[in-house]
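Subject: Structure for you to look at

Hello,

Here is the structure I promised to pass on. Please open it first, then read my notes below with the model in view.

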Amino acid sequence: MSCIFCKIIRGEIPSSCVYEDDKVYAFKDINPQAKVHVLVVPREHIASADAITAENSGAVAAVFEAIPKIARALELEDGYRVITNIGENGCQTVKHIHFHILGGEKLPENMGN
Ligand code: 5GP
Ligand code: ZN
């Protein structure tokens with residue numbers, strides 16, 4: 001599988017891990033768009049949030065169970081934002097579902113542009 005995030009999860013591409021468990025891997029974004037910018041991914045390859053089904057939603061639930069733990073570890077007690085981009089109009093560049101955690105500072109109010 002040529003998916004770049006599957007390669008990161010397998011350790012074939014180096015990454016700066018901030019959290020991992022049996023279902024979830026989280027690492028620093030290579031091109032941070034906030035003081036804190038982490039990507040949280042399920043180990044299971046799911047193309048995007050538009051491909052979530054009853055069969056694979058457990059992997060997504062595991063991501064959302066991990067997010068508060070990651071936020072505490074990163075000292076984001078003043079708040080943060082979780083974003084997932086989907087498809088062409090959503091500007092999704094990596095076709096392995098991932099959730100951006102952005103924080104560490106006051107974020108822009110406008111999420112659309
Ligand atoms: P998307 O645009 O698909 O929502 O987000 C993909 C994110 O993955 C981007 O923020 C980009 O900086 C990040 N990214 C792409 N390739 C790599 C990589 O090899 N390592 C890391 N750590 N982040 C990456
Ligand atoms: Zn993948």
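Start at Ala66, which is found in helix α2. A helix here is a DSSP run of H or I with at least four residues, a strand is a run of E with at least two, and both are numbered from the N terminus. Ala66 is buried, because its relative accessible area is 1%. Buried means under 20% relative accessible area, exposed means over 50%, and partly exposed is in between, with a 1.4 Å probe and protein chains only.

Before going on, a word on the source. This is a predicted model, where local features need pLDDT of at least 70, side-chain atom pairs count only at pLDDT 80 or more, and totals for chains, interfaces and linings use all residues. Residues are numbered from 1 along each chain as its sequence is written, chains are lettered from A and ligands numbered from 1 in the order in which they are written, and side-chain values use heavy atoms, with hydrogens and water left out.

Ala66 and Ala26 are 40 residues apart along the chain, and their C-alpha atoms are separated by 9.0 Å. Ala26 lies in strand β2. Ala26 counts as buried because its relative accessibility is 0%. Now compare another pair. Ala26 and Ala54 are 28 residues apart in sequence, and 23 Å apart in space, C-alpha to C-alpha.

Stay on helix α2, where Ile67 is found. Ile67 has a relative accessible area of 4%, so it is buried. From Ile67 to Val24 there are 43 residues in sequence and 9.8 Å in space, C-alpha to C-alpha. Helix α2 also holds Ala62. Ala62 is buried, with a relative accessible area of 10%. Its C-alpha atom is 9.5 Å from that of Val41, 21 residues apart along the chain.

**The ligand**

How many residues surround ligand 1? There are 16, and the closest are Lys28, Asp29, Asn85, Thr93 and His100. A residue counts as near when one of its heavy atoms lies within 4 Å of the molecule. The residues of this shell divide into eight nonpolar, six polar and two charged. Ala, Val, Leu, Ile, Met, Phe, Trp, Tyr, Cys and Pro count as nonpolar, Asp, Glu, Lys and Arg as charged, and the others, Gly among them, as polar.

Look at the polar atoms next. A nitrogen atom of ligand 1 is 2.9 Å from a polar backbone atom of Lys28. A nitrogen atom of ligand 1 also lies 3.3 Å from a polar backbone atom of Ile30. An oxygen atom of ligand 1 is 2.7 Å from a polar backbone atom of Thr93. A polar contact is a pair of N or O atoms within 3.5 Å; within protein, one must be able to donate a hydrogen and the other to accept it, and residues adjacent in sequence count only if both atoms are side-chain atoms. Taken alone, ligand 1 exposes 510 Å², and the protein buries 85% of that. These areas come from the Shrake-Rupley method with a 1.4 Å probe; for residues, only the protein chains shown count as cover.

Which elements give two or more residues to the shell around ligand 1? They are α1 (4-10) and β2 (24-28). The largest share, three residues, comes from α1.

His37 is found in strand β3. Is His37 buried or exposed? It is buried, because its relative accessible area is 5%. The side chain of His37 makes a polar contact with the side chain of His100, at 2.8 Å. The side chain of His37 also reaches the backbone nitrogen of Gln33, at 2.9 Å.

Asn56 sits in the loop between β3 (36-42) and α2 (57-73). Asn56 counts as buried, because its relative accessibility is 10%. A polar atom of the Asn56 side chain lies 3.0 Å from the backbone oxygen of Ala51.

Finally, look at two loop residues. Glu75 is in the loop between α2 and β4 (80-83). Glu75 is not a glycine, yet it has a positive phi of about 60°. Glu75 counts as exposed, because its relative accessibility is 61%. Cys91 is in the loop between β4 and β5 (99-103). Cys91 has a positive phi of about 60° although it is not a glycine. At 58% relative accessibility, Cys91 counts as exposed.

Best wishes
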